[in-house]
Every structure is written in C-alpha cells, then in structure tokens.
Amino acid sequence: MPHTCQKVGWCLLILSVIAVFAKALFVHDIDVAWYMAKSTHMIFIISFFLICLSKEKVEDEMISSYRLKAVGITAYVYFVLFLILSLFLELRLATLFPSIPENLELYLSEAFLIFLPLLLFILYFGIFKWMLWKSKKLQAL
Amino acid sequence: MKNTVRVERAIKDITQQQLADAIGVSRNTINSIESGKYVPSTVLALKIARYFDKSTDSIFQLDEND
C-alpha cells in the first residue's frame, strides 16, 4: 500500500486512543460504551494493519532487506513465545503453583491465539522501525 | 566489502541526497553504504558505478574478511 495509507493509519490510531479516553471519561451508558469499545477495537486493528502494510516514503532495497530481517526476527520471537506457552501448558505449571488460577492455562492459550495476528504485526513493525531508527541515528552521527 | 563512494562523491562534488535521487534510493541508504553498514545489491552497485562513470570493482572492493 502507498505511504499515504501509513498517515491515514496513524490518524486512525490516534483517533482510537482518543476514543478510549473519551469513553472512560464521558460515557456512562453501558450500551453506548459497548458499541464504542467494539468500534474502537476495529478501528485500532484497521489502523495498525494500515501502518504495518504501507510503504515508507522511499522504499528501496535497504528498506526491503530490513523488512526481511524483521520478519525473520519476528518468526524467532514467535517460536520462543510458542515454546514458553507450550512448556507452560505441557508441564501444567498451574498444578505445581497453587497460587495460579486453574483456568489461566486455557485463558493464556486462547489469548495467544486471538491476539496472535496483532502480536506478530506489532513485533514485526516494532523491529522494523527500530532497525530504521538505528540506521538513521548512524546517519546523524 | 569496502567502497570509495564517499571519495567519488567528493570528487564529483555532490551531496548524498543528490546521489540518492540520481540512483533512486534514500539518503539513508547512501550513508549506510558509505559507512560500510550496508552492502548494496549487484544492481545498485552497477547503478552507482555507472553514475560515476567508473567500473564496479574500482568503487567496490573485497575486504580482508570477505
């Protein structure tokens, strides 16, 4: 997607953050709050996908190599997270530590599956932007 | 891989931005190439060499570690 989509995405993200605060401060009706929460959640996801999937101002081969590296690192981080969660579920740590609630394992695995796409995009985007920031910092020196 | 892009640019008296615009990359990429942080692709190396009207291996040379 073109670079303009990134700007639209940032605007939507800011709007969704403002909506979250506005809901918390001014909305007291439960129905209105529920609809606001649902729509804010959707706007947040759409804005994040717009930001992640749009091109940079100048999209050259170095940017492409950074994107590829970011995808690779994201995959490694995902495997580590998956391994930790699997170990947690397999070893049934909840039985070893009574202080942990019984349904925490189920909740964790569900949360992991539901938020996985968003988590991967956040990871990818964060790593990519960090690499870009690092190279720009080098330019400033 | 080491290169003499910075020297060639100084000889031609052009800025990083001018070189970047001429070969269609960002200034950040030119800076990374000059400082040896990024090794350009064959296509980009050939474009840079053509811009300076030199052969590729007179601008880009293998390092001791390569």
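Author: We begin with contact: two residues are in contact if their C-beta atoms, placed from the backbone, lie within 7 Å. Leaving aside residues up to four places away in sequence, A:M62 touches B:T29, B:S32 and B:Y38. This is a predicted model, in which local features need pLDDT of at least 70 and side-chain atom pairs count only at pLDDT 80 or more, while totals for chains, interfaces and linings use all residues. Residues are numbered from 1 along each chain as its sequence is written, and chains are lettered from A and ligands numbered from 1 in the order in which they are written.

Reader: How many residues does each chain give to the contact between chain A and chain B?

Author: Chain B gives 11 residues and chain A gives eight residues. On the side of chain B that touches chain A, helix α3 (residues 27–34) of chain B gives the most, with four residues. Helices (H or I, at least four residues) and strands (E, at least two) are DSSP runs, numbered from the N terminus. 

Reader: Which classes of residue make up the side of chain B that touches chain A?

Author: Ala, Val, Leu, Ile, Met, Phe, Trp, Tyr, Cys and Pro count as nonpolar, Asp, Glu, Lys and Arg as charged, and the others, Gly among them, as polar. That side of chain B has three nonpolar, seven polar and one charged.

Reader: What is the secondary structure of chain A?

Author: Chain A has five helices and zero strands, and from the N terminus on its elements run α-α-α-α-α. Of the contacts in chain A between residues at least 6 apart in sequence, 76% join residues at least 24 apart. For a pair set apart in sequence, take A:Y78, placed in helix α3 of chain A, and A:L116: they are 38 residues apart in sequence and 9.0 Å apart in space, C-alpha to C-alpha.

Reader: Which domains does chain A have?

Author: Domain bounds come from an automatic or database domain assignment. For chain A that assignment gives domain 1 (1–55) and domain 2 (58–141). The contact takes six residues from domain 1 of chain A and five residues from domain 2 of chain A. On the domain 1 side, the residues divide into five nonpolar, no polar and one charged.

Reader: How do I read burial?

Author: Count neighbours: a residue is buried if 20 or more other C-beta atoms lie within 10 Å of its own, exposed if 12 or fewer, and partly exposed in between, with C-beta atoms placed from the backbone. B:V5, in helix α1 of chain B, counts as buried because it has 24 C-beta neighbours inside 10 Å. A:Y78 has 15 and so counts as partly exposed. Of the 141 residues of chain A, 8% count as buried.

Reader: What does B:V5 touch?

Author: Not counting residues up to four places away in sequence, B:V5 touches B:I33, B:E34, B:I48 and B:I59.

Reader: Which residues of the largest nonpolar core touch the most other members?

Author: A nonpolar core is a set of buried Ala, Val, Leu, Ile, Met, Phe, Trp, Tyr and Cys residues joined through C-beta atoms within 7 Å. Here the largest has 14 residues, and A:M62, A:Y66, A:A70, A:F128, B:A20, B:I30 and B:I33 touch the most other members. At least two residues each come from α3 (61–90) and α5 (104–140) of chain A and from α2 (16–23) and α3 of chain B. The largest share, four residues, comes from α3(A).

Reader: How do I describe two packed helices?

Author: Two packed helices are described by the angle between their axes and the distance between the axes. Axes are lines fitted to C-alpha atoms, for helices over the stretch in contact, and angles run from 0 to 180 degrees between N-to-C directions. The axes of α2(B) and α3(B) come within 8 Å and cross at roughly 110°. Angles under 35 degrees count as roughly parallel, over 145 as roughly antiparallel, 65 to 115 as roughly perpendicular and the rest as oblique. Therefore α2(B) and α3(B) are roughly perpendicular to each other.
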